[in-house]
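Please consult the sequence and the structure shown here while reading.

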Amino acid sequence: MTHAAHSPAPLAPIDARPALDAHWMPFTANRAFKQLPRMLVGAKDMHYTTDDGRTILDGTAGLWCVNAGHGREPIVRAIAAQAAEMDYAPPFQMGHPLAFRLAERLATLLPGDLDRVFFTNSGSESVDTALKMALAYHRARGEESRVRFVGRLRGYHGVGFGGIAVGGIENNRKAFTGQMLPHLDHLPHTHALEHNAFSRGQPAWGAHLAQDLERIVAEHGAETIAAVIVEPVAGSTGVLLPPIGYLEALRAICDRHGILLIFDEVITGFGRLGAPFAADKFGVLPDLMTVAKGLSNGAVPMGAVFARRGVHDAIVNTAPASTIEFFHGYTYSGHPLACAAALATLDIYRDEGLFERAAELAPYWEEAAHGLRGVPNVVDVRALGLVAGIELASRPDAMGARAYEAFLGCFRAGLLTRVTGDVIALSPPLIAERSHVDQLFEILSGVLRRVA
């Protein structure tokens, strides 16, 4: 199926500029936005349409989530049909067929024995759920002293209190200091420009940083540590790639000390790296995996936690019969519309070979990204699969200002990017073609050359 020829569907800008005061926007400079709003009113395949009729190339798959492209008819039809048949079903002590069907489909897609599925509604909920599962697992095995979590500096694990606790992005944490989980440690991040700037693929330097986990074990005792949680590729902090051997070393240390390993694959799941999951890409099997975003193509909010069978069985099979084994869940867990959207999304991934397509396009994408080397203020380029991070030199006393100016310039030029600090993050839908890649980096290069 060729998507390059598809133009965004015309959409009348009905109420495109409503009153702005009532909406308190997330992760947004509200006052600045409302002085000069950027309104999207339509989306199809690789493009958004703005309220003034401009076409914007989507360089970020929405927010890392629209992997199959926008406005896909099979997903639209599935949501509409399910809404007409049954709009909602209670998930506590009740079930509906789509949730079980989706869980089975996912189980066949996952590596190893990572085949038990607990549904949530977002990546943040998935992370808090996985942390609870880790505690419940050790408690069920009689190791109630295992209550400590180990995250990583510059890690992002959503915005729940559990997620910002194990996360390592200071701006997300500092406003809530004193309200974190009580038993925490953080591994060092793996980003060091002096060693790995402009690396192709995984950097060669940095695998030794996994050994800091042994220091934490020695300091607190393995018997106190429940789980380690990392993003295989750290996305929201600026696309930090794992050094060669790093994830394997974490897995080995966790195995040695009976610690659960959690992969946060909210971004890397569902084809972003040219494989179903980062666990497949790197050949490292976690004990728990958190997902969201690409699970339903962003069409209906949905997340999940995938658990290895042994983790599930320790919690479920050791509880007394006819009792609730895991006191946790959400009103919208396995929502019928979300399940319908996810099943249709999985069909598109399979029928159009989008994971394989991403793998095939990845070398071209990487070459195009590294073509920005030498552009003014570009100090690093990182790319793997269909994700890239373009790091810019920060202005003195104005960290993030240069990338934000580039973000605004790209939007004016017809390209949607994402910025975090002074890193421009790129992650197009997996339906992208070479012409889209060329256009994306041509626009970005031109904008960066005009940003002082």
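## Burial and overall form

Of the 452 residues of the chain, 56% count as buried. The model is a predicted one. Among contacts with a separation of 6 or more, 73% are made by residues 24 or more positions apart.

The chain contains 16 helices and 15 strands. Its radius of gyration is 22 Å, close to the 22 Å given by the globule rule for 452 residues, so the chain is as compact as a globular protein of that length. The C-alpha trace spans about 60 × 55 × 45 Å along its principal axes.

## Packing of helices α4 and α13

Two packed helices are described by the angle between their axes and the distance between the axes. For helix α4 (residues 97–109) and helix α13 (residues 336–351), the angle is about 35° and the axes lie 9 Å apart. The crossing of α4 past α13 is left-handed.

On the α4 side, the contact is formed by L98, A99, R101, L102, R105, L106 and L109; on the α13 side, by P336, C339, A340, A342, L343, L346, D347 and R350. These residues comprise 11 nonpolar and four charged ones, with no polar residue.

## Helix α15

Helix α15 (residues 401–413) has 13 residues, which at 1.5 Å a residue should span 18 Å; the end C-alpha atoms are 18 Å apart, in agreement with that expectation.

The buried residues in α15 are R402, A403, A406, F407, G409, C410 and F411. After α15 comes G414, which has a positive phi, near 100°.

Methods: Residues are numbered from 1 along each chain as its sequence is written. This is a predicted model: local features need pLDDT of at least 70, side-chain atom pairs count only at pLDDT 80 or more; totals for chains, interfaces and linings use all residues. Side-chain values use heavy atoms; hydrogens and water are left out. Axes are lines fitted to C-alpha atoms, for helices over the stretch in contact, and angles run from 0 to 180 degrees between N-to-C directions. Helices (H or I, at least four residues) and strands (E, at least two) are DSSP runs, numbered from the N terminus. A crossing is left-handed if the near helix is turned anticlockwise from the far one by less than a right angle, and right-handed if clockwise. Contact means heavy atoms within 4.5 Å. Ala, Val, Leu, Ile, Met, Phe, Trp, Tyr, Cys and Pro count as nonpolar, Asp, Glu, Lys and Arg as charged, and the others, Gly among them, as polar. The expected span of a helix is 1.5 Å times one less than its number of residues. Buried means under 20% relative accessible area, exposed over 50%, partly exposed in between (1.4 Å probe, protein chains only). The radius of gyration is taken over C-alpha atoms; the globule rule is 2.2 Å times the number of residues to the power 0.38.
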